[in-house]
Amino acid sequence: MSEQRTTLTELLKLGHGVTPEDNPGVTPEQFGLAEFEYVETIIYAGPDEILSMLRTLKAENFIGLPPWARNLAYRIACLQRPDDAALLREAADDLLAFGPDWDDIAEELQAKADLLDPPKGPGAAS
C-alpha cells in the first residue's frame, strides 16, 4: 500500500467544509458528506500537515473550526508524536479553551508533557 500524503491545501479546504459559518445554505446531507470526508482524510494525514491546518484555521477564526474537528485533529497528531511535549501542551491548551468537558484530558496531556520536558523558570522543580 502506498502512502498518500495529504496537502495543507486539502486539509484547509476540508476544515472550512466542516465550519458552519463558512457554509451558509449547505444542506444537512452535504454537511454530513463534508464531515465524513474531513474525518476520513485527517486520520491518515501527517502531523505537520495537521498542525499547519489547525494553526492556519485558528489564526483565521479561533473558534471557527468545530471543537470535535479540532479535538480529532489534535488527537491524531498526538498519537503520531506521543513524545512531543510542545505538541501535547498545544493540544492541552486547545482543550482548555473549549472546556470544561475536556479539562481532565488536558491535565493529563500537560502532565505527560511536563514529564517529557519539565517546565523551567520560577516555581519549577530543581
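Helix H2 passes helix H4 in a right-handed crossing. The model is predicted. A search of the whole structure finds 2 aromatic pairs, and one of them links H2 to H4.

**How H2 and H4 cross**

- H2 covers residues 28-42 and H4 covers residues 67-80.
- Their axes come within 10 Å and cross at roughly 15 degrees.
- Angles under 35 degrees count as roughly parallel, so H2 is roughly parallel to H4.

**Where H2 and H4 touch**

- H2 contributes Glu35, Tyr38, Val39 and Ile42 to the contact.
- H4 meets them with Trp68, Ala69, Arg70, Leu72, Ala73 and Ile76.
- The residues of this contact divide into 8 nonpolar, no polar and 2 charged.

**Aromatic pair Tyr38 and Trp68**

- The ring centres of Tyr38 and Trp68 are 5.7 Å apart.
- Their planes stand at 90 degrees, so the pair is edge-to-face.
- Tyr38 sits in H2 and Trp68 in H4, 30 residues apart, so the pair links distant parts of the chain.
- Tyr38 is buried, with a relative accessible area of 0%.
- Trp68 counts as partly exposed, at 34% relative accessibility.

**Aromatic pair Phe62 and Phe98**

- Phe62 and Phe98 form a stacked pair, 5.9 Å centre to centre, with 15 degrees between the planes.
- Phe62 is partly exposed, with a relative accessible area of 39%.
- Phe98 counts as buried, at 19% relative accessibility.

Terms used
Residues are numbered from 1 along each chain as its sequence is written. This is a predicted model: local features need pLDDT of at least 70, side-chain atom pairs count only at pLDDT 80 or more; totals for chains, interfaces and linings use all residues. Side-chain values use heavy atoms; hydrogens and water are left out. Axes are lines fitted to C-alpha atoms, for helices over the stretch in contact, and angles run from 0 to 180 degrees between N-to-C directions. Helices (H or I, at least four residues) and strands (E, at least two) are DSSP runs, numbered from the N terminus. Angles under 35 degrees count as roughly parallel, over 145 as roughly antiparallel, 65 to 115 as roughly perpendicular and the rest as oblique. A crossing is left-handed if the near helix is turned anticlockwise from the far one by less than a right angle, and right-handed if clockwise. Contact means heavy atoms within 4.5 Å. Ala, Val, Leu, Ile, Met, Phe, Trp, Tyr, Cys and Pro count as nonpolar, Asp, Glu, Lys and Arg as charged, and the others, Gly among them, as polar. Rings of Phe, Tyr and Trp (its six-membered ring) pair if their centres lie within 6.5 Å; planes under 30 degrees apart count as stacked, over 60 as edge-to-face and the rest as tilted. Buried means under 20% relative accessible area, exposed over 50%, partly exposed in between (1.4 Å probe, protein chains only).
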